[in-house]
Amino acid sequence: ANQRAGRAGRTCPGHCYRLYSTAVYKDQMQEFPAEEILSMPIDSVVLQMKDMGIKNVSNFPFPTPPPIESLKSALKLLTYLGAIDSTADQKITELGRSMCILPIAPRYAKMLILSNQGDCLDYMIAIVSALATNDPFLYSGGSSKKKISTEKDEDEIDKTNENEEEEFDEEGLPIVRGTSLKDFDEKEQAKKQAELKEREERRNRRQEAAKKHNIWRSNNSDAITILRAIGAFEYAGRTEKF
């Protein structure tokens, strides 16, 4: 907020108008954002440090030291992946050096390296690309009741009007905001009918999308979910229609 205020008056006299209260500014806003190293996995950072020959990562003088638990977890993960050995020095392995070359998380880097050895690199690139982002084939959680990210905004709209769509007057006309459609003039009535139709169409689209998602979905693994979709795409001949 202070940085934005500095934009006003830079070249000539100006004013800064903040669209929130003083209480929000003082009580809810941090003076400085949290350092990125404190809010992200650091296994990639630790692997790069090992590649640089830094033996004791825990005692490294970071400008902003990450939690010691995060460092221990990163070292443990890299050991499981085979990127560093299990000796006291925890030296980087040849596999770890290869993983350092790829600008992605170590676990994904190992997947690509091993897939290249198994002659299935094309498929693994697609899987890693999907796992590293918010993939459209996957729900944000394990429950099928959770909303699809691509329809999130529409879900919020329908949630607000959820009860309206289930109420009808004595003539069978939908009731909108507690008022029967017969109380509106023809123009308003047509407008409300169009809104109801649009919400119904959105619901149908979400249901259809949920059915398609469930075709690929696996409760055991996100990678298997993506692999199913990729396999079907390959079987269909990699067509745009698919």
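Which residue lies over the face of Tyr25? That would be Arg18, at 4.6 Å from the ring centre; a charge sits over a ring if NZ of Lys or CZ of Arg is within 6 Å of the ring centre and within 35 degrees of the ring normal. This is a predicted model, so local features need pLDDT of at least 70, side-chain atom pairs count only at pLDDT 80 or more, and totals for chains, interfaces and linings use all residues. Residues are numbered from 1 along each chain as its sequence is written, and side-chain values use heavy atoms, with hydrogens and water left out.

On to the rings. The count comes to 1 aromatic pair, where ring centres of Phe, Tyr or Trp (its six-membered ring) must lie within 6.5 Å. Phe60 and Phe62 make up that pair, 5.0 Å centre to centre with 70 degrees between the planes, which is edge-to-face (over 60 degrees; under 30 is stacked, the rest tilted). Phe62 counts as buried because its relative accessibility is 14%, while Phe60, at 33%, is partly exposed. Buried here means under 20% relative accessible area, exposed over 50%, and partly exposed in between (1.4 Å probe, protein chains only).

Then there is Lys50, found in helix H3, residues 43-51 (a DSSP run of H or I, at least four residues, numbered from the N terminus).

Notes:
Helices (H or I, at least four residues) and strands (E, at least two) are DSSP runs, numbered from the N terminus.
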